[in-house]
Amino acid sequence: MSRPDPAHHHLSPARLLDVDPLLEDPQTRIVVCCGSGGVGKTTTAAALGLRAAERGRKVVVLTIDPARRLAQSMGIDSLDNTPRRVKGIDETAGGELHAMMLDMKRTFDEIVEAHADRERAAAILGNPFYQSLSAGFAGTQEYMAMEKLGQLRARDEWDLIVVDTPPSRSALDFLDAPKRLGSFLDGRLIRLLTAPAKLGGRAGMKFLNVGMSMMTGTLGKLLGGQLLKDVQTFVSAMDTTFGGFRTRADATYKLLQAPGTAFLVVAAPERDALREAAYFVERLAAEDMPLAGLVLNRVHGSGADGLSAERALAAAENLEEPRIVDQEDGKALLRNSPDAQDSSGSPTPGTPALASAPEGGSPTEHAEDTEPSGDAEHAEDTERSVDRLTAGLLRLHADRMQLLSREQRTRDRFTALHPEVAVTEVAALPGDVHDLAGLRDIGDRLAADARELPDPADRTEAPEASA
């Protein structure tokens with residue numbers, strides 16, 4: 001199947017994502033960074049937050065990062081469920097940066113405390129089913145992330161909230177889980193179990209008997225009577241406290257669809273990450289969620305991309321096995337070049353001497369016939385070492401060029417599928433980001449594509465150290 005001719009090296013201006021207008025626009029109130037795990041979502045969220053704050057916005061970054069690197073890079077000892085102001089940023093434009101890490105259980109507790117009187121809150125918080133649910137029931141983290149986002153937005157203290165979505169197996173979990181968990185907690189089984197507590201009189205007793213027989217029957221065996229009793233008590237208390245979970249999940253979902261929310265899909269130039277990103281782009285469109293564009297992290301480059309992988313490998317083989325490969329580009333070329341001889345025309349030290357034969361006579365005595373001097377041996381060893389080192393570097397360069405080619409093909413596949421999605425590329429860094437200067441650098445790289453279209457060699461010098 002024929003593929004469109006790839007845009008070579010970098011993207012055409014029409015498809016470039018310009019993050020600065022997005023961050024500076026007062027209409028932008030929520031930026032959600034989403035994507036599969038391990039693609040730099042947390043770092044991207046923090047860098048966007050810092051960049052927006054230094055451009056005059058009052059920003060809070062909500063992260064769900066178990067490694068807690070974000071806290072260190074922002075100079076905060078520990079992030080908790082309360083936004084903390086980040087020190088050391090440039091506030092001359094009037095902006096502020098706050099950061100917080102989602103504490104899933106604490107967020108759940110806050111909902112209960114906010115909507116129940118003290119006695120009922122104590123009953124719910126002490127309920128065994130509630131404790132297991134709030135500590136890590138499937139989907140709770142995603143539900144709580146959306147809940148916390150809703151809380152932050154309702155407080156109206158910040159004019160921009162940057163959300164780092166949970167590191168899930170699937171990037172889509174945070175969209176699905178709130179509804180899934182809400183559906184479970186509002187579902188028929190739970191309603192049936194809580195019905196006896198709500199109904200009174202004879203009908204209530206009849207229903208209670210049905211409930212009890214279920215408990216002692218199959219469900220009781222599957223889940224255990226005590227667990228069912230805990231669930232019953234819990235949901236009954238929660239329902240009278242503030243209504244359905246599904247309603248709350250739906251409210252936050254609508255907030256994500258509202259004008260002023262922008263989704264950034266974060267990926268790396270690898271097949272799996274971009275496949276997930278493509279799926280996410282399609283899903284966001286289907287859910288009518290506002291997609292701003294794709295951030296492509298860890299893009300590699302080379303300052304010597306004029307030398308192809310094939311030529312680099314051929315040159316390396318010439319240096320390692322000079323008689324196997326055609327020597328046109330290898331040692332023979334080096335040996336016979338003007339640089340290989342000094343001004344008197346004799347070979348320079350370290351270049352093997354070529355025997356010359358006078359007319360009609362035998363060849364002159366070759367250097368090999370005499371015992372080689374220590375200097376000649378040393379020069380030969382040095383030349384061999386230089387050849388080995390050069391061949392090694394050429395092979396490294398070939399690997400790098402093959403990696404670039406793979407990344408380019410993967411990107412081209414994505415842009416062919418989704419030409420409508422604006423993209424910004426962030427050059428790979430030699431090491432981890434661990435301070436504000438590193439985050440600022442990432443922010444600059446995020447915005448670099450839109451400011452100019454430099455030669456890739458200039459744009460990606462730094463990553464050479466990380467090859």
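Reader: Which residues make the nonpolar surface patch of about 320 Å²?
Author: Leu389, Leu393 and Leu396 make that patch. Patch residues have over 30% relative accessible area and no salt bridge, and nonpolar side chains (Val, Leu, Ile, Met, Phe, Trp, Tyr) are joined within 5 Å. This is a predicted model, where local features need pLDDT of at least 70 and side-chain atom pairs count only at pLDDT 80 or more, while totals for chains, interfaces and linings use all residues. Residues are numbered from 1 along each chain as its sequence is written, and side-chain values use heavy atoms, with hydrogens and water left out.

Reader: Where is Leu389, then?
Author: Leu389 sits in helix H17 (residues 374–417). Helices are DSSP runs (H or I, at least four residues), numbered from the N terminus.

Reader: Is Leu389 buried or exposed?
Author: Exposed, because its relative accessible area is 57%. The cut-offs are under 20% for buried, over 50% for exposed and partly exposed in between (1.4 Å probe, protein chains only).

Reader: New topic: how many aromatic pairs are there?
Author: The structure has 1. Phe108 and Tyr130 form it, edge-to-face, at 5.1 Å centre to centre with 75° between the planes. Ring centres must lie within 6.5 Å to pair; planes under 30 degrees apart are stacked, over 60 edge-to-face and the rest tilted.

Note on methods: Patches are made of residues with over 30% relative accessible area and no salt bridge: like charges are joined within 9 Å, nonpolar side chains (Val, Leu, Ile, Met, Phe, Trp, Tyr) within 5 Å. Accessible areas come from the Shrake-Rupley method with a 1.4 Å probe; for residues, only the protein chains shown count as cover. A salt bridge is a side-chain nitrogen of Lys or Arg within 4 Å of a carboxyl oxygen of Asp or Glu. Helices (H or I, at least four residues) and strands (E, at least two) are DSSP runs, numbered from the N terminus. Rings of Phe, Tyr and Trp (its six-membered ring) pair if their centres lie within 6.5 Å; planes under 30 degrees apart count as stacked, over 60 as edge-to-face and the rest as tilted.
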